[in-house]
Amino acid sequence: MTKQIIGGLVAYVDAGKTTLTEALLYQAGQLRQLGRVDKGSSFLDPDQLEKQRGITIFTHQATLDYQKLHLTLLDTPGHIDFAAQTEQVLQVLDYAVLVISATDGLQGSTRTLWDLLAQYHVPTFIFINKSDSVGADVPAVMKQLQSSLSAACVDFTGKTPTTGATAEAITMQDDAVLESYLANDCLTEQQVQSLIQQRKLFPCYAGSALKLTGIQELLDGLAQWTVETPSTGDQFAARVFKISHDDRGNRLSWVRVLSGKLVAKREVLPGEKADQLRVYNGSKFSIQQSIPAGGVCAITGLTTSYPGQGLGQATTAPQPRLQPVLSYAVKIDNDNPRPYLAALRELADEEPQLKVEWLRELQEARVQLMGTVQKEVLEQLLAQRYGLQVQFTNGQILYRETIDRPVEGVGHFEPLRHYAEVHLRLEPAPRGSGLTFTSHCREDILSHNWQQQVMTSLGAKEHRGVLIGAPLTDVKITLVGGKGSIVHSVGGDFREATWRAVRQGLMELRAQKGCVLLEPWYHYRLTIPQEEVGRAINDLQQMGADFQLAESSAGPLTTITGSGPVATMRDYAITVRNYSRGQGQLECVVDGYRPCHNAAEVITDHQYDPVADLPNTPDSVFCAHGAGYPVKWDQVPAMAHFPYQK
């Protein structure tokens, strides 16, 4: 029986991921001719922009049949600026193949991908590519994998995994398997498959995708060691992992069917039907009437879908961990900005993290991006796809805010014939956790219906901090009490009271100096000539970065690793190239948010007045003598109708 597997190829840029995809398709008989990325003839980089830049910018799909394996391959972007799209794809994979260059070894972005694969529990094969290149050192890369990623990275190249030394290395990854092996002197195929599926074992292969060496062995491994993910039931469930537009402007929603069956012409979102079900193979597609569980297709006809969205019985996935850290202004020198905004919003439909914002008073749009390469690609997309020329200003840092101590915030909303009061406990949450909402309020205090209104309202907007108005993050918000009126309360009242409660609590913390400004940090890897180490360390200290010298350095170059603020390090790669005469190289990967190194300066520069931010007001509305009247945030606790829960 043929097993259906969804596999993704992931790698840092230039590791040879797309070339490996081409080699797998060619070896399986899917392609008659092996394409070349450097010549713009690859099967899975059909976009003109990808041909020009020689990198994968968009996720592409291909299928192959080999032995009893039907493999759907999703080739993902490699450059770190497009890693958020790769992260969306990881949520729908059965297995991944992580590609690593034998000449470059582990890079900072490799570790980022590895962490994401672990976060989404994706079983992973590893292919060490370019093993025939000058400077390739496969044994050294294997040691790197085992020491830096996982001891469970086991070399399968030229080995029989169920016997000999390889079997012994595999059994060391699980106590139960080891005990069985010692008792029976046998390692079964099912045990190996299970360890891989549980991410307790990572098979490693080596070869050259360009020369087709090691490809047969990798294909054999995928056919032998993968198992089909069982369907979770008969009810329809699917997840969207990508939005794109075809050459005719049709909007495509790319989905993985998780259970049941996706049928054409059926309603999959309120008022929206799946018109066509397209199964793509490169740039070509076939139209199917239904897609079974485990299948991938692109749907036409949906207008409100978005990456990560659950369809049918599937839940919507959390926001991607990788978020943009820079904001760019798009200067529009034109009296009619509508075509520009329409084009930007269509691109934001494909990549929601662009978060296009139009500032009417400045006559400019703003977009959020990961870095310079994504900015350049966006400029080219606007020119080639829409015929629009734009200019971007220098990117500004995207700050965030959090808190360092708990507080109870209260919001009261009582204009005439309206009534709601909400008490929320705000407390610090782990780094990178975002905002989480829960309720510890009894239903005899606040009815289930009103509590649901509060929970819905908490998730209905992006909450802003009170230092510079940056998005709030890493805070747990708990409903602890409140009050409603059988006669006067409506849902909108609890929305207003909820939003005011969040802001009132933040203002209390601001007065206590309990609000924290966060900025994005890089994890960096700097390779520099030894004679320039002193200059580099001085620069890093001036930029507020920490650093660690490699224990040993081979040859004339020294490696320095560490973390530093994006604000100070974002342009340092150019400086490195200049003073090292092109010998130095700086690789930076966004490493989340940390307290801002120059918070007082940034807060002063922004001149943000949280009380004047009326859409996010911390003040409340009370009622007396038949009329509502405003009450300042610091006076609300004394006037609250429900007692504080301190």
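The paragraphs below lead through a predicted model, from its nonpolar cores to its aromatic pairs, a helix, a strand and a loop residue.

Because the model is predicted, local features need pLDDT of at least 70 and side-chain atom pairs count only at pLDDT 80 or more, whereas totals for chains, interfaces and linings use all residues. Residues are numbered from 1 along each chain as its sequence is written, and side-chain values use heavy atoms, with hydrogens and water left out.

A nonpolar core is here a set of buried Ala, Val, Leu, Ile, Met, Phe, Trp, Tyr and Cys residues joined through side-chain atoms within 4.5 Å, where buried means under 20% relative accessible area, exposed over 50% and partly exposed in between, with a 1.4 Å probe and protein chains only. The largest such core has 88 residues, of which V367, L424, L426, Y524, L526 and I560 touch the most other members. Strand β28 (residues 515-529) supplies the largest share of this core, 8 residues; strands (E, at least two residues) and helices (H or I, at least four) are DSSP runs numbered from the N terminus. Apart from this core lies another, of 78 residues, which includes A96, I100, A102 and L187.

The surroundings of V367 can be followed through its contacts, meaning heavy atoms within 4.5 Å. When neighbours within four places in sequence are left aside, V367 is in contact with L326, S327, Y328, V330, L344, L354, K355, V356, L378 and F392.

Aromatic rings of Phe, Tyr and Trp (its six-membered ring) pair if their centres lie within 6.5 Å, and planes under 30 degrees apart count as stacked, over 60 as edge-to-face and the rest as tilted. The structure holds 9 such pairs. The rings of Y328 and F392 have centres 6.3 Å apart and planes at 85°, so this pair is edge-to-face. Because Y328 lies in strand β18 (residues 326-331) and F392 in strand β21 (residues 391-392), the pair ties together parts that are 64 residues apart in sequence. Y328 counts as buried at 3% relative accessibility, and F392 is buried with a relative accessible area of 13%. The rings of Y572 and Y579, with centres 6.4 Å apart and planes at 50°, form a tilted pair, and both of these residues are buried. Elsewhere, ring pairs link F156, Y205 and W225 into a cluster.

Helix α13 (residues 491-511) has 21 residues and reaches 31 Å from its first C-alpha to its last, close to the 30 Å expected at 1.5 Å a residue. After α13 comes K513, whose phi is positive, near 60°.

Strand β13 (residues 277-281) is also mostly covered, with 4 of its 5 residues buried. Strands pair if DSSP finds at least two bridges between them, and β13 runs antiparallel to β14 (residues 284-288), to which 5 bridges join it. These two strands form a hairpin with 2 residues between them, and G282 in the turn has a positive phi of about 70°. A further 2 bridges join β13 to β16 (residues 296-300), again antiparallel. L277 stands opposite Q288 in β14, while its bridge partner in β16 is I299.

Finally, S208 is found in the loop between β7 (202-206) and α9 (215-225), and at 3% relative accessibility it counts as buried. Leaving out residues up to four places away in sequence, S208 touches F127, N129, K130, S131, D132, T213 and I215.

Note on methods. The expected span of a helix is 1.5 Å times one less than its number of residues.
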